[in-house]
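Subject: Handover of a structure and notes on it

Dear colleague,

I am handing over the structure shown below, and after it I set out what was found. Could you read these notes with the structure open beside you?

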Amino acid sequence: IRLDDNQILPNLFSKNNFFLDKNKVLNDVSLIKNYYFSLGFNDVSISTITEKYSDDRINLIFEINEGNQSKISHIKFIGNLNFSNNYLLSIINSKSNNIYNIFTSGSNFDESIFNFDVSKIKSLYQDYGYFDVDISYSLSEITSSRYSLKFYISEGNRYDISDISFEFSDNIIKSNNKTINEFETQLEKNKFYFDEDIFVNFINNLRSNSLNLGMNTDYTYDLEFTNSSIKVIFKQTTSKPKIINKINIYGNSITKDKTIRSRLSFQPGDIYNQNIIDVSKKRISRLKYINNIKLDYEELDEFINVNLDLVENKKTGSFLFGGSFSGDMGLGVGFSIKDYNILGSGNEIDTTFNINSEQALFNLKYSSHSLNNPLIKNNYSIFNLESDLTDSFGYKLRKSGLGYSIDFNYSNFIFINTGFKYEYLDGYSPINNSAYISDNINKFSNFIYEFVIKSDTTNDFLYPSSGSSNRFYLKLSPEKISDDSYYKFTYDNEIYFDNNKSTNFFFIDNSFGFSESLGKKLKTSNAFSLGGLNFKGFDYRGIGPFDNKVYLGGNKYFTSTIGYGTSFIFDDKDNMKFKIFYTTGSLWDSDYVENDDIDIRSSLGLSFDILTAVGPISLSYSVPLDKNDSDRTKSFNFSIGTSF
């Protein structure tokens with residue numbers, strides 16, 4: 001019932017117009033069962049019968065009782081003290097089944113993936129020096145065909161480094177003196193605990209230095225264990241360079257070979273460089289349509305073959321429907337249709353529709369990856385936006401258009417996006433004829449150039465506790481080709497300081513924006529707004545000048561937040577976050593206000609964030625300390641789908 005005959009028949013050992021072979025039939029039964037097992041049908045039973053068709057021919061019939069499809073409803077981790085539940089969930093392939101995802105509502109019950117996840121968690125711990133870690137899992141039935149998956153983790157001790165020796169030649173030591181000093185400084189900052197990333201970066205830097213100096217030198221290290229300490233011995237090897245002869249790809253039944261090859265930074269004919277191959281492997285492993293990748297090599301004198309063995313994610317399409325709530329936009333509803341691997345090309349399509357109390361947005365985005373450069377992605381978009389700004393800017397707005405942009409992953413930590421878009425605007429239904437409203441009432445055509453560069457070394461997307469993030473954004477609507485000409489740029493900076501890899505951390509969050517019209521005045525719709533989620537303690541668009549209850553915004557702003565965060569006192573698994581913070585900032589220089597000084601505002605607050613399967617739930621309470629009489633305050637803020 002759940003599988004078409006055409007999904008099974010081509011893979012059978014038994015074939016039409018061939019002799020009946022009982023061994024082949026038994027193999028066919030096993031093959032079909034394994035197919036069903038991989039889809040979560042663990043109670044499937046299969047029997048075979050034959051019926052006479054003619055004197056020398058029979059029909060072979062497989063009778064299949066599929067049973068119920070098993071699903072994983074909950075995933076739990078027990079014994080993990082040094083890594084949070086959410087971090088472990090982010091690295092494993094097993095995912096709990098969510099009712100709001102229709103296209104992926106099938107089974108996620110696959111014991112081969114559970115075993116792979118055990119290896120993945122174990123590898124993570126060993127990368128951080130927990131070499132005695134022991135991982136196992138169990139399945140417990142919650143209701144009929146629904147299971148809870150539990151991973152049991154015995155972390156053991158974390159190994160530290162007691163001694164380091166370099167078996168390098170004098171010229172290698174001399175040419176890498178700075179690199180070695182930086183490596184030792186990194187170890188000292190890490191309190192001499194073993195950390196695989198530090199070692200990999202060191203080896204890669206040594207390899208890069210050797211290539212720059214024209215030396216074909218590779219580097220390895222050995223570990224000698226004593227109790228809970230490690231002696232590290234670095235060695236150098238010199239050999240004749242090998243040429244990549246072939247790149248063989250296996251395991252991809254959907255994704256095209258050329259799609260995988262386009263993600264590689266090496267090609268046949270290149271000099272074999274393990275560093276470049278490792279980078280390509282990491283890049284492919286991050287693709288949403290690849291679950292796992294293994295590499296092996298065949299050496300042929302001066303040549304080498306590189307073999308890539310892939311495990312595909314064949315469920316790349318999804319339909320998502322859900323709701324959100326924020327103190328800024330109120331209740332929101334949205335749905336999206338996505339596919340991350342259209343026809344095996346690796347190209348993506350993302351169709352979204354979102355509606356809330358202020359706006360309704362439809363956006364269609366198609367992304368294609370360059371076949372010549374694995375670091376480049378082309379994006380094409382069409383959008384339509386309806387906004388009711390009556391309660392803030394005093395009018396309504398329609399906006400539609402199309403755009404093109406390029407994503408460029410300069411490195412693992414630096415991302416660049418640049419592109420153009422055309423937008424058609426129609427401002428209507430003004431509440432009065434004041435200049436700050438009437439300037440927005442008409443039909444306008446604008447050509448927009450946008451540029452974004454971002455660096456991110458934080459350790460977590462939603463709840464970072466170490467590292468830093470910097471983002472620069474430029475938006476330009478040029479004169480002569482745009483009815484509404486202006487420029488705008490913003491700079492955002494976040495820095496996190498963890499407390500010896502504990503759950504406690506300090507953070508600093510700074511933001512600055514500057515915008516000016518290239519014509520007469522900067523329209524209020526293009527100005528900055530402050531308050532709400534970007535300045536807690538004040539209402540959404542609650543900071544800045546008003547006129548007759550119409551918000552004017554400002555051409556310039558800044559905010560700066562310092563704070564302290566930790567897991568909530570009763571939370572053992574890092575699923576709840578608690579923060580206390582102090583924010584100061586200002587919004588000023590509106591073109592519609594004669595005297596608009598820089599008036600400093602500030603607030604003191606605390607937030608409580610809960611990580612759930614449908615996204616973060618954030619509650620905060622802030623008290624304004626410095627404010628203007630015209631400001632609108634709001635102490636309590638609640639949101640679903642966004643964090644602090």
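**The second largest pocket**

The largest share of the lining of the second largest pocket, six residues, is contributed by E2. This is a predicted model, in which local features need pLDDT of at least 70 and side-chain atom pairs count only at pLDDT 80 or more, whereas totals for chains, interfaces and linings use all residues. Residues are numbered from 1 along each chain as its sequence is written, and side-chain values use heavy atoms, with hydrogens and water left out.

The space in this second largest pocket comes to about 900 Å³, a volume being the space filled by probe spheres set on grid points that are joined across faces, edges and corners. Of the 26 residues that line the second largest pocket, Lys15, Asn16, Ile58, Asn59 and Leu60 are the closest to its centre. (A pocket is an open set of points on a 1 Å grid over the protein atoms alone, where a 1.4 Å probe fits, with protein on both sides within 12 Å along at least five of seven lines, and lining residues have an atom within 4 Å of a point.) At least two lining residues are supplied by each of helix H1 (5-8), helix H2 (22-38) and strand E2 (57-65). By residue class, the lining of the second largest pocket divides into 15 nonpolar, four polar and seven charged residues; here Ala, Val, Leu, Ile, Met, Phe, Trp, Tyr, Cys and Pro count as nonpolar, Asp, Glu, Lys and Arg as charged, and the others, Gly among them, as polar.

**The protein as a whole**

The protein has ten helices and 31 strands, which are DSSP runs numbered from the N terminus (helices H or I, at least four residues; strands E, at least two). Taken along the principal axes, the box filled by the C-alpha atoms of the protein is roughly 95 × 80 × 55 Å. Of the 644 residues of the protein, 40% count as buried, where buried means under 20% relative accessible area, exposed over 50%, and partly exposed in between (1.4 Å probe, protein chains only).

**Salt bridges**

Side chains of opposite charge can pair when their charged atoms come close. Searching the whole structure gives 16 salt bridges, each being a side-chain nitrogen of Lys or Arg within 4 Å of a carboxyl oxygen of Asp or Glu.

One of the pairs is formed by Lys52 and Asp55, whose closest N and O atoms are 3.9 Å apart. Lys52 counts as exposed because its relative accessibility is 65%, and Asp55 likewise counts as exposed, with a relative accessibility of 77%.

In another pair, Arg207 forms a salt bridge with Asp218, and the closest N and O atoms are 2.6 Å apart. This pair links distant parts of the chain, with Arg207 in helix H7 (residues 196-212) and Asp218 in strand E7 (residues 217-226), eleven residues apart. Arg207 is buried at 12% relative accessibility, whereas Asp218 is partly exposed, with a relative accessible area of 26%. Arg207 and Asp218 are also linked with Asp278 in a network of salt bridges.

Arg601 and Asp631 form a further salt bridge, with 2.9 Å between the closest N and O atoms. Here too the pair links distant parts of the chain, since Arg601 is in strand E28 and Asp631 is in the loop between E29 and strand E30 (633-634), 30 residues apart. Arg601 counts as buried at 3% relative accessibility, and Asp631 counts as buried at 8%.

**A nonpolar surface patch**

Ile562, Ile580, Tyr582, Leu604, Leu606, Tyr621, Val623, Leu625 and Phe636 make a nonpolar surface patch of about 810 Å². (Patches are made of residues with over 30% relative accessible area and no salt bridge, with nonpolar side chains (Val, Leu, Ile, Met, Phe, Trp, Tyr) joined within 5 Å and like charges within 9 Å; accessible areas come from the Shrake-Rupley method with a 1.4 Å probe, and for residues only the protein chains shown count as cover.) Strand E27 (576-588), strand E28 (601-612) and strand E29 (615-626) each supply at least two residues of the nonpolar patch, and E29 gives the most, with three residues. Leu625, which is found in strand E29, counts as partly exposed at 49% relative accessibility.

**Two further buried residues**

Gly334 is found in strand E13 (residues 330-339) and counts as buried, with a relative accessibility of 13%. The C-alpha atoms of Gly334 and Asp388, which are 54 residues apart along the chain, are separated by 17 Å.

Asn526 lies in the loop between strand E22 (505-517) and strand E23 (537-538), and at 10% relative accessibility Asn526 counts as buried. Between the C-alpha atoms of Asn526 and Asn440, 86 residues apart along the chain, the separation is 9.9 Å.

With best regards
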